[in-house]
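These are my notebook entries on one structure. I record what I looked up, in the order in which I looked it up.

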Amino acid sequence: MPNKQLPEDLFLTYLADKTLIPSLAGKTVAITGTTSGLGHELARLAISKNAALILLLNRTSKRSQSSEDDLRRYLDAGDNTLPKTTIKTIDCDLMSFDSVRKAAAEAEVNRTVKPYGGLDVLCNNAGIMAFDDKRTADGFDLQMQTNVLSHFLLTSLVYPSVKDAADKRGEARIVTQSSSARDMAAKLEAKYFEKCEEGTLGGNDAWQISQMAFGKGGPWTRYIQTKLANSAFAMELHKRLTLASSNIRSVASEPGYSVTSLQDTEHMGLMGSLSFMMSKQSAADGCLNAAIACFSPDANSGDLYAPEKGLVGKPIKYVAGGERMMTGRFDIGGGTDKGTCDPGNQKLVWDACEKALGIKFEV
């Protein structure tokens, strides 16, 4: 829900400027993870821009219902002269492949968007951070299944609906939310995508700095792997769509340091202790990177948007058309997104996801 502690000035500026984010009239949008934070704010923006249909993909919970209720109140308080946005919650637990399959099936996402002519935007937004070295019921690392594998599965299953919208309206988008943490690893490792016993992917006790700076196994190393996997997936999808001469755009984004419930983890450690010294922004302002990726006419396939000032600021392109831009964080090391734009990482994430899920995702 709207963050009351930090300003939303940038968010409100982008809402008011029709050249930055145009009307979404007639468009359909599906967003994972809208119970709070970035996903909730992105849904609020889509309502403000008059989207025809917004699908909220969340695990059934009191928070999910509360979020939908809040968005309906926001809708009812808006411009009553415009056609009303239809809001629908779909049960989608990213820690369960069965749940994702049911969410995407003809009975849910694909069936719901069919009368609208397909799905214009899929935003793979949901994520968890720095969780214990535990496994889902499917046998995979909690973070990797939630942040990467289930989104790969969801994307493959709703892809026909995205293609339908692109064919009918000229373009459609698949947007993947990453994190600045993607730059803390140079290479993806296949072991994080594989079934394994609990406690065998670094455990939970390594010092936070040793994980972030030196790749020692632990909750943050596993998180970093998922976030690099997110951005590398977006770029690999972009390459495959380009080869297929598709009018679907694969775009990535990251929110900088946006204050959300993502930080509610017992493994915040030193980062949590020093957070008062770091620049940060509201969830509303932070969602704008995903919003531009989802809705701006200027967002092209193979782009990645992140805050101009690293942790905060207006959205700018850190990657354009799959090519690294020499801007943003870590300029001293030659710029951001070496791992994101590494062909080896891009191929690994695609192959590892297909192997883990036992599927072939053809575009």
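Predicted model: local features only at pLDDT ≥ 70, side-chain atom pairs only at ≥ 80, totals over all residues.

Entry 1, a loop proline. I listed the contacts of Pro 255 (heavy atoms within 4.5 Å). Leaving out residues up to four places away in sequence, Pro 255 touches Leu 38, Gln 177, Ser 178, Gln 281, Gly 286, Asn 289, Pro 307 and Leu 311. I located Pro 255 in the loop between β6 and α9 (269–274). Helices (H or I, at least four residues) and strands (E, at least two) are DSSP runs, numbered from the N terminus. Pro 255 has 10% relative accessibility and therefore counts as buried. By the cut-offs I used, buried means under 20% relative accessible area, exposed over 50%, and partly exposed in between (1.4 Å probe, protein chains only). I also took a C-alpha to C-alpha distance: Pro 255 and Ser 282 are 9.9 Å apart in space and 27 residues apart in sequence.

Residues are numbered from 1 along each chain as its sequence is written, and side-chain values use heavy atoms, with hydrogens and water left out.

I found Gly 139 in the loop between β4 and α6. Its relative accessibility is 18%, so Gly 139 counts as buried. Gly 139 touches Lys 195 and Cys 196, residues up to four places away in sequence not being counted.

I traced nine strands in an open sheet of mixed pairing, in the order β3-β2-β1-β4-β5-β6-β7-β8-β9. β3 (86–91) and β9 (323–324) stand at the edges with a single partner strand each, so one side of each has no neighbour in the sheet. Two strands pair if DSSP finds at least two bridges between them. β2 (residues 53–58) and β3 are parallel, with six bridges; Leu 53 has Thr 86 as its bridge partner in β3. I then looked at helix α6 (residues 142–169), which packs on the sheet and touches β1 (28–32), β2, β4 (121–124), β5 (172–177) and β6 (248–253). The direction of α6 makes about 150° with that of β5. Axes are lines fitted to C-alpha atoms, for helices over the stretch in contact, and angles run from 0 to 180 degrees between N-to-C directions.

I asked how many residues of β5 are buried. Six of its six residues are. Ala 172, Ile 174 and Thr 176 are buried on one side, and Arg 173, Val 175 and Gln 177 on the other. β4 and β5 pair in the parallel sense over four bridges, and Cys 123 has Val 175 as its bridge partner in β5.

I recorded Phe 11, Tyr 14 and Leu 15 as the buried residues of α1 (residues 9–16). Seen down the axis, they fall within an arc of 105°, so they line one face of the helix; the arc is that of the directions from the helix axis to the C-beta atoms. The face turned away from the buried side carries the exposed residues Asp 9 and Ala 16.
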